[in-house]
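This report covers salt bridges, a helix packing and model confidence. Please view the structure first.

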Amino acid sequence: MILRRDRAMTAVLIMLDVAFHAGRSGTVSAADIAERSNLARRGIEPLLQALSRTGLLESIRGPRGGYRLGRPRRDISLVDIINAVTQDDLAGEDGPQGPIFTKVIEPSWKQFDKELTAQMKKTSLDDLVKKAETAGLKRPLSEPITFSI
């Protein structure tokens, strides 16, 4: 699960955005996620689909549609998110070879990966939302209640 900046970090960013901005019952549109993240909407659509297929996100259709978490944020670890978007990545045989790679680099890399995976299993989406709040990020205010008489 060596972190690939493009897919893994973007998937974590998407999930954190939904957890932070949608609250418990709201939804977040793909366009809003893309705008806040300074990413192209078409670039995040495949990740949104992968996260939805695995049940981490729930896609809601309609005029107030968008995405919301498929499970409570405390039950979603970083490993869950990264696995959802990298499960199709295959470890190819087209990489480096040779005795230095197989006897030194590859075993070291596997150990790094094991340690990082263990730490990421302990880190939930809820932990990241709390870090965002501690960092001073503000959640959007819910829509004001209007009355007509």
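## A pair within one helix

Arg41 and Glu45 form a salt bridge, with their closest N and O atoms 3.1 Å apart. A salt bridge here is a side-chain nitrogen of Lys or Arg within 4 Å of a carboxyl oxygen of Asp or Glu. Both residues sit in helix α3, 4 residues apart, so about one helical turn separates them. Helices (H or I, at least four residues) and strands (E, at least two) are DSSP runs, numbered from the N terminus. Arg41 has a relative accessible area of 46% and is partly exposed. Buried means under 20% relative accessible area, exposed over 50%, and partly exposed in between (1.4 Å probe, protein chains only).

## Basis of the model

This is a predicted model: local features need pLDDT of at least 70, side-chain atom pairs count only at pLDDT 80 or more, and totals for chains, interfaces and linings use all residues. Residues are numbered from 1 along each chain as its sequence is written, and side-chain values use heavy atoms, leaving out hydrogens and water.

pLDDT is the predictor's confidence in each residue, from 0 to 100. Its mean over the protein chain is 86, and 85% of the residues reach 70 or more. Among the elements, helix α1 (residues 5-22) has the lowest mean pLDDT, 90. Helix α3 (residues 41-53) has the highest, 95. Where pLDDT is low, the predicted coordinates should not be read in detail.

## Bridges across the sequence

The whole structure holds 6 salt bridges. One of them pairs Arg36 with Asp17 at 2.7 Å, N to O. Arg36 belongs to helix α2 (residues 30-37) and Asp17 to helix α1, so the bridge ties together parts 19 residues apart in sequence. Asp17 is buried at 7% relative accessibility. Arg36 is partly exposed at 40%.

Asp126 and Arg73 also meet in a salt bridge, at 2.5 Å, N to O. Asp126 lies in helix α6 (residues 125-134) and Arg73 in the loop between β2 (66-69) and α4, so this pair ties together parts 53 residues apart in sequence. Asp126 is buried, at 13% relative accessible area. Arg73 is partly exposed, at 24%. Salt bridges that share partners join Arg73, Asp126 and Lys130 into one network.

## Packing of α4 and α5

Helix α4 (residues 78-86) packs with helix α5 (residues 99-122) at an angle of about 115 degrees, their axes 6 Å apart. Axes are lines fitted to C-alpha atoms, for helices over the stretch in contact, and angles run from 0 to 180 degrees between N-to-C directions. Leu78, Val79 and Ile82 of α4 meet Thr117, Met120 and Lys121 of α5. Contact means heavy atoms within 4.5 Å.
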